[in-house]
Amino acid sequence: MLDIKRTSIPVSPNLSLEPDTVEFYSYVGIAGGIVPLERAVNSSEYIWVINNGELLVPGSDYILNSDKKSLRLSSPPSSTDKVDIITY
């Protein structure tokens, strides 16, 4: 049985975040195109990234960082984007 996990990433600038908190720095990273994963994965073959309903292409639209716990989008998301991450 596969252990599949889906996560929605908030990109909205309407969030009220306190500076110098974990949530603030996490949002700044996401707005810059670095997306944390809820768990480590072996390779980008175990990640699906969906931006506004469109499945992104690994190696072209995003890469898995060397820590295997985050990925970098080739272009940072806009404030209206809806990004979903599926790991398995």
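Mentor: Before we start: a polar contact is a pair of N or O atoms within 3.5 Å, and within protein one must be able to donate a hydrogen and the other to accept it. Keep in mind that this is a predicted model.

Trainee: Okay, which side chain joins that of Thr7 in a polar contact?

Mentor: Start with where Thr7 sits: in strand E1. Leaving out residues up to four places away in sequence, Thr7 touches Val83, Asp84 and Ile85, among others. The side-chain polar contact has a length of 3.2 Å, and the partner is Glu38.

Trainee: Is Thr7 buried or exposed?

Mentor: The cut-off for buried is under 20% relative accessible area. Thr7 comes out at 16% relative accessibility, so Thr7 counts as buried.

Trainee: Now the sheet: which strands stand at the edges?

Mentor: Four strands make an open, antiparallel sheet, in the order E1-E7-E3-E4. Two of them have a single partner strand each, so one side of each lacks a neighbour in the sheet: these are E1 (5-9) and E4 (54-55).

Trainee: How many bridges join E3 to E7?

Mentor: E3 covers residues 47-51 and E7 covers residues 83-87, and the two run antiparallel. Trp48 has Ile86 as its bridge partner in E7, while Val49 stands opposite Ile85. The number of bridges joining E3 to E7 is five.

Trainee: And which residue takes a positive phi in the hairpin of E3 and E4?

Mentor: E3 and E4 run antiparallel, joined by two bridges, and Ile50 stands opposite Leu55 in E4. The hairpin has two residues between the strands. The positive phi, near 55°, belongs to Asn52.

Terms used. Residues numbered from 1 in each chain as written. Predicted model: local features only at pLDDT ≥ 70, side-chain atom pairs only at ≥ 80, totals over all residues. Heavy atoms only, no water. Pairing = 2+ DSSP bridges. Buried < 20%, exposed > 50% of the residue type's maximum accessible area, 1.4 Å probe, protein only. Contact = heavy atoms within 4.5 Å.
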